[in-house]
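Please consult the sequence and structure shown here while reading.

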Amino acid sequence: MFHLGVDYYPEQWPEERWPEDARMMAEAGVNVVRLAEFAWSRLESRPGQFDFDWLDGVLELLGQHDIRAVLGTPTASPPPWVMDMMPGAYRVLESGQRQTYGNRREYCPTHPGYRERCRAITEAMAEHYTEHPTVIGWQIDNELGGRCYCPICRASFQSWLERKYGSIERVNGAWGTAFWSHVYTEWSQIPVPLQAGGVPNPGLDLDYRRFMSDVYVSFQQEQVDVLRRLCPGQFVTHNMMGFGFDQIDYFDLADTLDFVGWDVYPRTAWSLDRHVDGLASALGGDTIRGLKGRGYWVMEQGSGSGGWQTVGGTPRPGEMRLWTYQSVAHGADGILYFRWRTAHHGAEQYWHGVLDHHGEPRRRYRELQTTGAELGRVGERFVGAESRARVAMLLSYDSRFAFQGQPNHSAFDYSEFFRSYYAALYRRNVPVDIVSPAADLSGYRLVLAPALHVLPAAVADNLRGYVGGGGALVVTARTGVKDESNAVVDVPLPGLLADVCGVEVEEYDALPTDAEVPLEVHWQRGSEEGCSASGRLWCEVLSTTTAREIATYEAEFYAGRAAITLNEFGKGKTLYVGTFGDAALHDLVVGWALEIADVSPVVVTPEGVEATERWRDDQRLLFLLNHADESQEITLPSPMTDLLSGRGPVERVKLEPKDVVILEQD
Ligand code: GAL
């Protein structure tokens, strides 16, 4: 069954309204709700005083309409009594300031007392709801994240280091603490990188980011353990924040979950874009699917204008449906809209849901009804369908964390750089898997590894094996610069990948943000000859060992020197791009890489129409998503059946603005 639902907060509404809500949900095709992730004070009003009667009543009503429930453990927002019991559990920010009560996520994830209370409420809920016929699964906490720098975290970091390095001498060696005389003689001397400490040692900085990531993984794991023990028949997930969130290694966080949950908000008050082109949600979906290499659930899909103090643009007619199918197209097996009804109170008064404040059915409710009816008919076909991308991008949290401490260039941002390369694939309708640098790459024809800055030997070996075996690889500037301790390597760059790339970086140059160094392109495979491109932000002067030049610089003291190269290594090829460049350059490079790897788009579409696919055994499901405000026509390479209308076979498809067409091919 395809799960379609809403995030529901019955504790915020009078009990008399609940039957009406359940009825309206069922009439819209809702078959699942998420409940209780912010209801701790209603579930446990005082230490150990649990009240599940109200939630039992809600579940009973939902059950009468065949609506299932996912329960959230409510640990993202503690009631005042929890924090009163332990003032030391307030998170300390990087600035050194301790948080106070009044928002949510103000807790320190390391604090043993806080964790104890989290386990207790999780256990009480799990004992009560295990085997409940309406409860199918659990969501742990809500959007974990937020680094803490308190004394408890500091002590715990010191123990983490002791476990990792074994001896203080090894820490000193790895971090090179001879620099500025930072040689530690006791574990207790090791600080946390508070702002007041100035620029931290890069080794310490990267380890602290890894440590905080591990803290959240273990915080989540404590609740996973409780639920596995008490509720073996129910699934466990967590709602992550897609590609953009960069504080937790999501590969680690996903590891012990049954599947990953994700929150998708294409329109918010913080980006008042008239037009939403689908790129950010596509990237988020591919990232989330890549965490476990399989389908996910959207735990929160935007269904109204989003905003806290200010209000965002409302979804245009058709956009709720369009975004729903876009999530499905990238791997969603279940989707819940945030939120059922817009709140009268609280910080999110202006974060609109399916229903406005008044609770009457209006346009967005009717759009949910249409989508619910469609998914009721055909949704089952999508569940478990695979994405069979031939292209992978490597997302390295180590590199991401290292760049957070040292972006290398004031205008460089790892996430933006990654996004820009991804965009060049997205706009061509080339499906992409986003995977960890340690992943098995043998199934891919093309792998892009933007700025793989921290390069462990095992990852270099993985890439060497992949290219040697016939794969095509794109490597960029600032790759292989750091070892796992965030020390700069003592060999010419790109370090451990020099042989795979067939180049050495002779020297490098950081450019003023608005400067460009034109490139002369020597690409000779035909398609893009004579195009213009520029180096930006960062230019590496390359000397080729076994590679050949694809582009050379046309200015600066390195005019005539190689900027981009192509190397044959084993049975495969590596493109090395020695400048950060801009979107136009990334587009050009991606075009070359696809030619080298012989990968074609799933279908060619006009601008604004996204095309991607999922597979069920040998059956292909082609999704055409019109993000544009104009209608568009597409010619298919071969006749296919229109799944939603049942028409077929068709060879030419017309999409109205914001429309979706899903085609089936056997
Ligand atoms: C999400 C969060 C929800 C709600 C929503 C709107 O990130 O998980 O609880 O806050 O944003 O702001």
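## Basis of the model

The model is predicted: local features need pLDDT of at least 70, side-chain atom pairs count only at pLDDT 80 or more, and totals for chains, interfaces and linings use all residues. Residues are numbered from 1 along each chain as its sequence is written, and side-chain values use heavy atoms, with hydrogens and water left out.

## Ligand site

Oxygen atoms of the ligand lie 2.5 Å from a polar side-chain atom of Glu-143, 2.9 Å from one of Asn-142 and 3.5 Å from a side-chain N or O atom of Asp-263. Taken alone, the ligand exposes 300 Å², of which the protein buries 92% (Shrake-Rupley method, 1.4 Å probe). The ligand takes up the space of the largest pocket (an open set of points on a 1 Å grid over the protein atoms alone, with protein on both sides within 12 Å along at least five of seven lines); a molecule sits in a pocket if more than half of its atoms lie within 2 Å of its grid points.

## Largest cavity

The whole structure contains 2 cavities of 30 Å³ or more (sets of grid points where a 1.4 Å probe fits but cannot get out; lining residues have an atom within 4 Å of a point). The largest cavity holds about 120 Å³ of space, a volume being the space filled by probe spheres set on the points. It is lined by 15 residues, and Asp-286, His-330, Pro-431, Val-432 and Thr-612 are the closest to its centre.

Helices H10 (279-292), H11 (319-330) and H14 (414-426) and strand S23 (609-616) each give two or more residues to this lining. Strand S23 provides the largest share, 4 residues. By class, the lining has 7 nonpolar, 4 polar and 4 charged residues.

## Second largest cavity

The second largest cavity holds about 30 Å³. Its lining consists of Trp-262, Val-264, Ser-281, Ala-282, Gly-285, Tyr-296, Gln-326, Ser-327 and His-330, with 4 nonpolar, 5 polar and no charged residues.

Terms used: Polar contact = N/O pair within 3.5 Å; in protein donor to acceptor, adjacent residues only side chain to side chain. Nonpolar A, V, L, I, M, F, W, Y, C, P; charged D, E, K, R; others polar.
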